[in-house]
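Subject: Structure handover

Hello,

Here is the structure I promised to pass on. Please open it alongside this note, and then read on for what turned up.

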Amino acid sequence: AVMGGGGGNVVLGPNDFGGPFSVMGVIQPVDKIVDLAKFSDDVVNAVRGGGKVWGVPVSKGNHLMLFANKDLVKQAPKTLEELIKTGKTITDAKKQNYGLAYNLNEPFFFVPFMGAFGGRPLVDTKPNLDSPAMIGALDFVKDLKFKEKIVPSDCDYSCAETLFMEGKVGMLINGDWALAKYREKYGDKLIVAPLPKHQKTGKAMEPMISGKYLFFNRTLKGKKLEAAKKLAAYLTAPEQQVQMAKDWRRLPAVKSVVNSKTIKDDKVLHDTLMAAGNGQPMPMATEMRAVWDAMRPQLQAVMAGRTDSKKAAQIMQKDANNKIKAMLQ
C-alpha cells in the first residue's frame with residue numbers, strides 16, 4: 001500500500017521489518033526525528049543499516065534465556081559443561097524426563113551456541129557459516145542429542161514448552177515473550193538466567209537482541225509527522241517505559257529506565273536484563289533472511305544424523321551466498 005502512496009502512517013513491529021522496508025523505500029529514517037542517544041545501544045544498532053537508523057525503539061528484548069524449574073534444578077548452570085552435568089541427573093527417557101529442551105531444528109535457537117564458539121552467522125552483510133564456530137556449535141548440539149542424550153530426540157517449540165510446563169524438563173531455552181506464562185505457572189520456583197558460557201572457549205552463548213519499534217511511513221510530513229513524533233515521544237517517555245515494563249514484563253528501550261531502581265528491584269525484570277547482557281544485536285540486513293533459510297535444512301540434517309557438521313557448514317555458506325545473489329538480481 002505504501003508503494004502506491006497509502007498504507008499505515010506508523011507500524012509497530014520487530015526490527016527485521018526494517019530490512020525490507022528500508023530497501024523498498026517505504027519508511028523514512030528516524031535519526032533526525034528522535035534523540036537516539038537516550039536508547040540502549042543494542043536496540044539502536046538492531047535497526048541501523050546503510051548509515052541510518054530506521055525505527056524508534058519502544059522495548060528491548062525478544063532474546064532467548066535459560067528457564068529452570070527449582071523442583072528439578074537447584075541453581076542455573078553457568079557453563080555448558082555444568083548444563084550437561086545437571087541435565088544428566090534429570091534425564092530419564094523412559095519417563096520422558098529431560099534435562100534440557102528447546103526448539104532443536106530452528107536456527108534462531110541454534111545461533112546462541114555459535115557465540116559460545118566465537119562466531120556469528122552474519123558479519124556486516126556477509127554470511128559467516130562455513131567457519132570453525134559453526135562446526136563446533138553444530139557438533140555440540142548434535143552431542144546433546146546423540147551422545148549426552150539430555151534433550152528429547154525430536155522436539156519443536158510446542159514440544160519443548162509443553163514438557164517444561166508439565167514439569168518433565170528441568171531447563172528450557174526460550175524467549176522473554178514467554179516469561180509471564182512461566183512465572184504464572186511456577187511462581188518463585190521459576191529460575192530465569194543468562195544462557196551459559198563455554199568453559200573451554202571462555203565465551204558466552206549470544207542470544208540475538210532486538211525489541212519492538214515504530215516505523216514511519218515515507219509519506220509522513222506536516223501535521224501527520226508531528227503527530228507521529230508525539231506518539232514516539234509519549235511511548236518512550238520514562239514514565240510510560242516504566243509502566244510498560246511493569247504491565248508487559250518486557251525490558252524498556254530507554255537507557256535511563258533500563259538502569260533504574262525500578263528494574264533492578266524487580267527480580268523478574270532484573271534477571272531478564274542480566275540474560276540480555278551477552279546478547280548480540282539482531283541484524284536488520286535483508287541478507288539475514290537468506291542466512292536463516294540456508295541454515296535451517298542443514299541444521300535439521302545434522303540433528304537427524306544425516307550429515308556431518310563440516311559438510312553442513314559448507315552447504316550453508318554456499319546456499320546463503322546463492323540466495324543473496326538471487327535477492328540482488
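In which loop is Gln96 found? Gln96 sits in the loop between helix H3 (80-90) and strand S6 (98-101). Please keep in mind throughout that this is a predicted model.

**Two residues with positive phi**

Most residues other than glycine have a negative phi. Gln96 has a phi near 60 degrees, a positive value in a residue other than glycine. Its relative accessible area is 47%, so Gln96 is partly exposed.

Asp124 is another such case. Its phi is positive, about 60 degrees, although Asp124 is not a glycine. Look for Asp124 in the loop between strand S7 (122-123) and strand S8 (126-127). With a relative accessible area of 69%, Asp124 is exposed.

**The chain as a whole**

The secondary structure of the protein chain comes to 14 helices and 15 strands. For 329 residues, a compact globule would have a radius of gyration near 20 Å. The protein chain has 21 Å, which agrees. Along the principal axes, its C-alpha atoms fill a box of roughly 65 × 50 × 35 Å.

Of the 329 residues, 52% count as buried. Taking contacts with a separation of 6 or more, 75% are between residues 24 or more positions apart.

**Helices H4 and H5**

Two packed helices are described by the angle between their axes and the distance between the axes. Helix H4 (residues 107-116) packs against helix H5 (residues 132-146) at an angle of about 115 degrees. Their axes are 8 Å apart. The crossing of H4 and H5 is right-handed.

Which residues meet there? From H4 come Phe110, Phe113 and Met114. From H5 come Ala133, Met134, Ala137, Leu138, Phe140, Val141 and Leu144. The residues of this contact divide into ten nonpolar, no polar and no charged.

Is H4 enclosed or open? Ten of the ten residues of H4 are buried, so H4 is largely enclosed by the rest of the structure. Among the buried residues of H4 are Pro107, Phe108, Phe109, Val111 and Pro112. Just after H4, Gly118 takes a positive phi of about 85 degrees.

**Helices H13 and H14**

Now go to helix H13 (residues 287-303) and helix H14 (residues 309-328). They pack at an angle of about 150 degrees, with their axes 8 Å apart. That makes H13 roughly antiparallel to H14. The crossing of H13 and H14 is right-handed.

On the H13 side, the contact takes in Glu287, Ala290, Val291, Asp293, Ala294, Met295, Gln298, Leu299 and Val302. On the H14 side are Ser309, Ala312, Ile315, Met316, Asp319, Ala320, Lys323, Ile324 and Met327. The residues of the contact of H13 with H14 divide into twelve nonpolar, two polar and four charged.

Pro57 is in strand S4 (residues 56-61). At 0% relative accessibility, Pro57 counts as buried. Leaving out residues up to four places away in sequence, Pro57 touches Phe39, Val43, Val44, Lys212, Tyr213, Thr236 and Ala253. Pro57 and Met316 are 259 residues apart in sequence. In space they are 32 Å apart, C-alpha to C-alpha.

Gln280 lies in strand S15 (residues 280-281). Is Gln280 buried or exposed? Its relative accessibility is 3%, so Gln280 counts as buried. Again leaving out residues up to four places away in sequence, Gln280 touches Val111, Arg120, Pro121, Glu206, Pro207, Met208 and Ile209. One of these, Val111, is among the buried residues of H4.

Ala180 has its place in helix H7 (residues 179-186). Its relative accessibility is 44%, so Ala180 counts as partly exposed. How far apart in space are Ala180 and Met316? They are 36 Å apart, C-alpha to C-alpha, and 136 residues apart in sequence.

Best wishes

Key
Residues are numbered from 1 along each chain as its sequence is written. This is a predicted model: local features need pLDDT of at least 70, side-chain atom pairs count only at pLDDT 80 or more; totals for chains, interfaces and linings use all residues. Side-chain values use heavy atoms; hydrogens and water are left out. Axes are lines fitted to C-alpha atoms, for helices over the stretch in contact, and angles run from 0 to 180 degrees between N-to-C directions. Helices (H or I, at least four residues) and strands (E, at least two) are DSSP runs, numbered from the N terminus. Angles under 35 degrees count as roughly parallel, over 145 as roughly antiparallel, 65 to 115 as roughly perpendicular and the rest as oblique. A crossing is left-handed if the near helix is turned anticlockwise from the far one by less than a right angle, and right-handed if clockwise. Contact means heavy atoms within 4.5 Å. Ala, Val, Leu, Ile, Met, Phe, Trp, Tyr, Cys and Pro count as nonpolar, Asp, Glu, Lys and Arg as charged, and the others, Gly among them, as polar. The radius of gyration is taken over C-alpha atoms; the globule rule is 2.2 Å times the number of residues to the power 0.38. Buried means under 20% relative accessible area, exposed over 50%, partly exposed in between (1.4 Å probe, protein chains only).
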